[in-house]
Amino acid sequence: MSAANAVAAGPGHVPGEVGAWTFILGDMCVFAVIFGSYVHDRAASLELFRASQAVLDRDLGALNTLLLLTSSWFVALGVQAARRRLDEWVPRLFALGIGCGTAFAVVKLVEYRDKIASGFTPTTNEFFMYYFVATGIHFLHLLIGLALLTVVTVRLRRRDGAGPSLVWIEGSGCYWHMVDLLWIVLFPLLYLLP
Amino acid sequence: MTIGALLRGTTTRVWLLLILLTLASWWLGSRREGIPTEGAERAAVSLVVVALLKARLVLGHFMEVRTAPLALRLACDAWVVVTAAVLIGLGAAG
């Protein structure tokens, strides 16, 4: 580990705060149950799930994954910039992260609109129930994440030095990375499984 | 540390690796026509493993769990391992 990393986050540092991590880990467990339930039901109705999955736009799903990964990259850089007192870069990097996250949301809404226009809704069959519910719950998390990042970014631009603390910057970053992490697992399960 | 040095650091390398793994999975998931059963199972396991490895990279580097207290590191690794095992186990049961 480079000297700069050692200065940044010493070993034993909890980014954000412990309460936020309890929530993050709990959320990850809830999603793990959704993932498991999906895979189990998929195995029981393989042909139905395969046929339905073919309707999804794999390329849009992949694009969304790339957008969210890039968004996380910007936010991670932003948190590190905050720690190194590169103050003018924090709101810029967070804004770039918010931009990519917003692009994800737009793509997702386009996907939903296309599916619904083609007659596929949450009640169409079991696969589409999972598709809409899982990506829908994820979408809500994404919106919450965007709101958190936006509040932090707006407060960072204050000139009176009363901006958000490092704990807030790290915490909102961690929540956002969780949103990214959940999509990283969701994408192959819904769009790519053979 | 300057912004340039930050941009050239580990975080960017991890991001590039995540992008590559995503493209590899996307390619793997695109080769679907006419795959024999064992090929499909192997592909499914590969996709799950790569996904959880990516998740672990995000946890470790972006969420900085790598430098977090042992309890948090263990909890996150437990989530990665259990989730992968459950997904592979339940998927193969079909």
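A salt bridge is taken here as a side-chain nitrogen of Lys or Arg within 4 Å of a carboxyl oxygen of Asp or Glu. By that rule, one salt bridge is found across the interface of chain B and chain A. The model is a predicted one. The points below cover the interface and then the cavities.

**Extent of the interface**

- The contact involves 47 residues of chain B and 55 residues of chain A.
- Between them, chain B and chain A bury about 4,300 Å², and 77% of this area is on carbon and sulfur atoms.
- On the chain B side, B:Trp26, B:Met63 and B:Trp79 lose the most area to chain A, and together they account for 16% of what that side buries.

**Polar and charged interactions across the interface**

- The salt bridge pairs A:Arg83 with B:Glu64, with 2.6 Å between the closest N and O atoms.
- Eight residue pairs are in polar contact across the interface of chain B and chain A, both residues of each pair being at pLDDT 80 or more.
- Four helices of chain B, namely H1 (3–7), H2 (10–30), H3 (37–62) and H4 (70–92), each supply at least two residues of the side that touches chain A.
- By class, that side of chain B comprises 31 nonpolar, twelve polar and four charged residues.

**Largest cavity**

- Three cavities of 30 Å³ or more are present in the structure, and the largest holds about 50 Å³ of space.
- Its lining draws on both chains: A:Pro15, A:Ala76, A:Val79, A:Glu170, A:Gly173, A:Cys174 and A:His177 from chain A, with B:Phe62, B:Met63 and B:Glu64 from chain B.
- Helix H4 (58–83) and helix H7 (166–192) of chain A are the elements that give two or more residues to this lining; H7 of chain A gives the most, with four residues.
- Six nonpolar, two polar and two charged residues make up the lining of the largest cavity.
- B:Glu64, the salt-bridge partner of A:Arg83, is also among the residues lining the largest cavity.
- B:Met63, one of the residues of chain B that lose the most area to chain A, likewise lines the largest cavity.

**Second largest cavity**

- The second largest cavity contains about 40 Å³ of space.
- Its lining consists of A:Ile34, A:Phe35, A:Tyr38, A:Tyr130, A:Ala134, A:Leu186, A:Leu189 and A:Leu190.
- In chain A, helix H2 (18–44), helix H6 (126–156) and H7 each give two or more residues to the lining of the second largest cavity.
- The lining of the second largest cavity has eight nonpolar residues, no polar and no charged.

Terms used:
Residues numbered from 1 in each chain as written. Chains lettered and ligands numbered in written order. Predicted model: local features only at pLDDT ≥ 70, side-chain atom pairs only at ≥ 80, totals over all residues. Heavy atoms only, no water. Contact = heavy atoms within 4.5 Å. Buried area = accessible area lost by both parts, 1.4 Å probe. Polar contact = N/O pair within 3.5 Å; in protein donor to acceptor, adjacent residues only side chain to side chain. Nonpolar A, V, L, I, M, F, W, Y, C, P; charged D, E, K, R; others polar. 1 Å grid on protein atoms, 1.4 Å probe; cavity = no way out; pocket = protein on both sides within 12 Å on 5 of 7 lines; lining within 4 Å. Points joined across faces, edges and corners; volume = space filled by probe spheres on them.
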